[in-house]
Amino acid sequence: MGIEFFEKEKITDNIIAIKDITGVFMYLVIGNEKAILIDTGTGAGNLFEYVKGLTDLPIEVILTHGHCDHAGGAKYFEKVYLPEEDFELVKIHSSMERKIEYIHFSGGENVPDNEIVGERNDGYLKLKDGQIFDLGNEQLEMIKLPGHTKGMTCVLFKKARIILMGDGCNPATFVWDDESLTVKAFLDNLYNLKKREADYDTVLVSHGNPICDKQILDGVIDVCKEVLAKNDDAIPYHFMDYEGLKMAKEINPKTFQRVDGGIGNIVYNVKKIS
C-alpha cells in the first residue's frame, strides 16, 4: 500500500501539516523523545508508513473526534487516544463501507479499495478535557469543544501559542448530523473556548487552508447568534444524501468565501437549532 496520497507542509520547525488525497489535514508534532500525530485522515493510503518516513521517534495518536476523515487511518498505530463521547460514533465511521463512500465522494474517486486501510481492531484510549501531552519542546493541552460531535476536542500548543480548532470551529463548521449538538448548545461551548483566547495567536483547521484567521471564533459565534435570531441567510445546502441542511451565510461557490466578506460560517440542521 503506497504513500503517494499524502503531501506535507511545515507549520513550525516541529509541527508538520500532512494532507491526504481528500484534502483533510493531520498534524505531526515532533518532540524530544516522541512524536504526536493529531488525526489520521480517511484511510486512503498507508499513513503509518508515511509518518515513519518523517520521524523515527515513537508515535502516539490523538483523534480530535470520531469521524471517518479523522479516524479512518488509525489502524496501524499502537497508542491512539479518542474522546470517550465518540467511541460509538467511530465504530460507524471507521467501517470500510463508510470510509470508501467518503473517500470516493471527496476527491478520491480513483483510489482503489485495496489502497484504503482496514478497520482498527485495537480499541482506543480515553482522551480527556484538560489532558496534557508533554513532548519536552512542546505541551499539548486538550480543550473539549462539543458541537460538531459530542466529543470534539481542540488542541492547544502551549509553547507555540497555536490552537488546532480542526472541525470544531472553522470557515464552514458542520453542526447538523445526529452526533452534533444544537446550534444553541454549540454557541455556549464556543463562549467557553473564547475564555482561552489569550493563550494562542494562530489557529489551525482541518480543511481548506491549514492556517485560519484568529477572528474565526468571533465570526462563528456571531453566525450562531444570527441563526438563533433567524437573521441568517439560511441557504439550502447539499451534502451527500442528507436533507434539511442550511448554510447560515451565503458563499461564493468558487472560492467558498462569504459574499459579505465576513469570516466564519456554519452548516446546520433546521431541526437542531435550539
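The structure is a predicted model, in which local features need pLDDT of at least 70 and side-chain atom pairs count only at pLDDT 80 or more, whereas totals for chains, interfaces and linings use all residues. Residues are numbered from 1 along each chain as its sequence is written, and side-chain values use heavy atoms, with hydrogens and water left out.

Most residues other than glycine have a negative phi. Lys-230, although not a glycine, has a positive phi of about 60°. The phi of Ala-234, likewise a residue other than glycine, is positive and near 50°. Lys-230 is exposed, at a relative accessible area of 74%, while Ala-234 is partly exposed, at 28% relative accessibility. Here exposed denotes over 50% relative accessible area, buried under 20%, and partly exposed the range in between (1.4 Å probe, protein chains only).

With a disulfide defined as a pair of cysteine sulfur atoms within 2.5 Å, the structure holds zero disulfides. For Cys-68, the closest cysteine sulfur is in Cys-154, at 19 Å, which is too far for a bond. Cys-212 is likewise in no disulfide, its nearest cysteine sulfur, that of Cys-169, being 7.6 Å away. Cys-68 is buried, with a relative accessible area of 3%, and Cys-212 also counts as buried, at 12% relative accessibility.
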